[in-house]
Amino acid sequence: MKKVIKHGGATTADNLCYACIFCNLQKGTDLGSINWQTGEIVRFFNPRRDFWGEHFRLDEAVIQHQTDIGEVTARILDFNGDERIVERQALIASGQYPSA
């Protein structure tokens, strides 16, 4: 019997996704959040289904959202917290970010 997680998905390699510790701690078991402008519930960016460049763009070291999905994902996962921007700036300066 496979272990089942909170939202019914199996804990198997094909149902899991790599995430940095910061994103993982922020996301928890949430699947989305509220768009405060519309009051609508919006799902998070899904790296298995969505194209990053459709929902986000990189503006120097800041990740800007381009869609409602991008907005709730960037806000809840705190993509642009001070420490994360500093880390991203260092990675950019060393040629390690963004990845190909």
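**Entry 1**

I started with Pro98, which sits in the segment after α4 (82-93); helices here are DSSP runs of H or I with at least four residues, strands are E runs of at least two, and both are numbered from the N terminus. A cis peptide bond joins Tyr97 and Pro98, with omega at about -5 degrees.

**Entry 2: what kind of model this is**

I noted that this is a predicted model, in which local features need pLDDT of at least 70 and side-chain atom pairs count only at pLDDT 80 or more, while totals for chains, interfaces and linings use all residues. Residues are numbered from 1 along each chain as its sequence is written, and side-chain values use heavy atoms, with hydrogens and water left out.

I looked up the confidence next (pLDDT, the predictor's confidence in each residue, from 0 to 100). The protein chain averages 85, and 79% of the residues score at least 70. Confidence is lowest in helix α1 (residues 21-27), with a mean of 68, and highest in β4, at 98. Where pLDDT is low, the predicted coordinates should not be read in detail.

**Entry 3: overall layout**

I counted four helices and four strands in the protein chain. From the N terminus on, the order is α-β-β-α-β-β-α-α. Of the 100 residues, 26% are buried (under 20% relative accessible area; exposed is over 50%, partly exposed in between, with a 1.4 Å probe and protein chains only). The accessible surface comes to about 7400 Å², and 55% of that belongs to carbon and sulfur atoms (Shrake-Rupley method, 1.4 Å probe; for residues, only the protein chains shown count as cover). Among contacts with a separation of 6 or more, residues 24 or more positions apart account for 43% (contact: heavy atoms within 4.5 Å).

**Entry 4: the core and α3**

Which residues make up the largest nonpolar core? I listed 11: Val42, Phe44, Phe45, Phe56, Ile63, Ile69, Val72, Ala74, Ile76, Leu77 and Phe79. Helix α3 (residues 68-76) gives the most to this core, with four residues. Such a core is a set of buried Ala, Val, Leu, Ile, Met, Phe, Trp, Tyr and Cys residues joined through side-chain atoms within 4.5 Å.

I then asked why α3 is largely enclosed by the rest of the structure. The buried ones in α3 are Ile69, Gly70, Glu71, Val72, Thr73, Ala74 and Ile76. Leaving aside neighbours within four places in sequence, Ile76 is in contact with Gln26, Ser33 and Phe44.

**Entry 5: Phe44**

I followed Phe44 to the loop between β2 (41-43) and α2 (52-55). Phe44 is buried, at a relative accessible area of 6%. Not counting residues up to four places away in sequence, Phe44 touches Lys27, Asp30, Leu31, Gly32, Ser33, Asp50, Ile69, Val72, Thr73, Ile76 and Leu77. Phe44 and Leu77 are 33 residues apart along the chain, and their C-alpha atoms are separated by 9.5 Å.

**Entry 6: aromatic rings**

I searched the whole structure for aromatic pairs and found three. The ring centres of Phe45 and Phe56 are 5.3 Å apart and the planes are at 70 degrees, so this pair is edge-to-face. Phe45 lies in the loop between β2 and α2 and Phe56 in strand β3, so the pair ties together parts 11 residues apart in sequence. For Trp52 and Phe56, the ring centres are 5.4 Å apart and the planes at 35 degrees, so that pair is tilted. The rule for rings of Phe, Tyr and Trp (its six-membered ring) is centres within 6.5 Å, with planes under 30 degrees apart stacked, over 60 edge-to-face and the rest tilted.

Phe45 counts as buried at 17% relative accessibility, and so does Phe56 at 1%. Trp52 is partly exposed, at 35%. Phe45, Trp52, Phe56 and Phe79 form one aromatic cluster.

**Entry 7: hairpin and positive phi**

I checked the pairing of strand β3 (residues 56-59) with strand β4 (residues 62-65): they run antiparallel and four bridges join them (strands pair if DSSP finds at least two bridges between them). The bridge partner of Phe56 in β4 is His65. The hairpin has two residues between the strands, and there Glu60 takes a positive phi near 60 degrees. Glu60 is exposed, with a relative accessible area of 69%.

Where is Asp78 found? It is in the loop between α3 and α4. Phi of Asp78 is near 55 degrees, a positive value in a residue other than glycine. Asp78 counts as partly exposed, at 37% relative accessibility.
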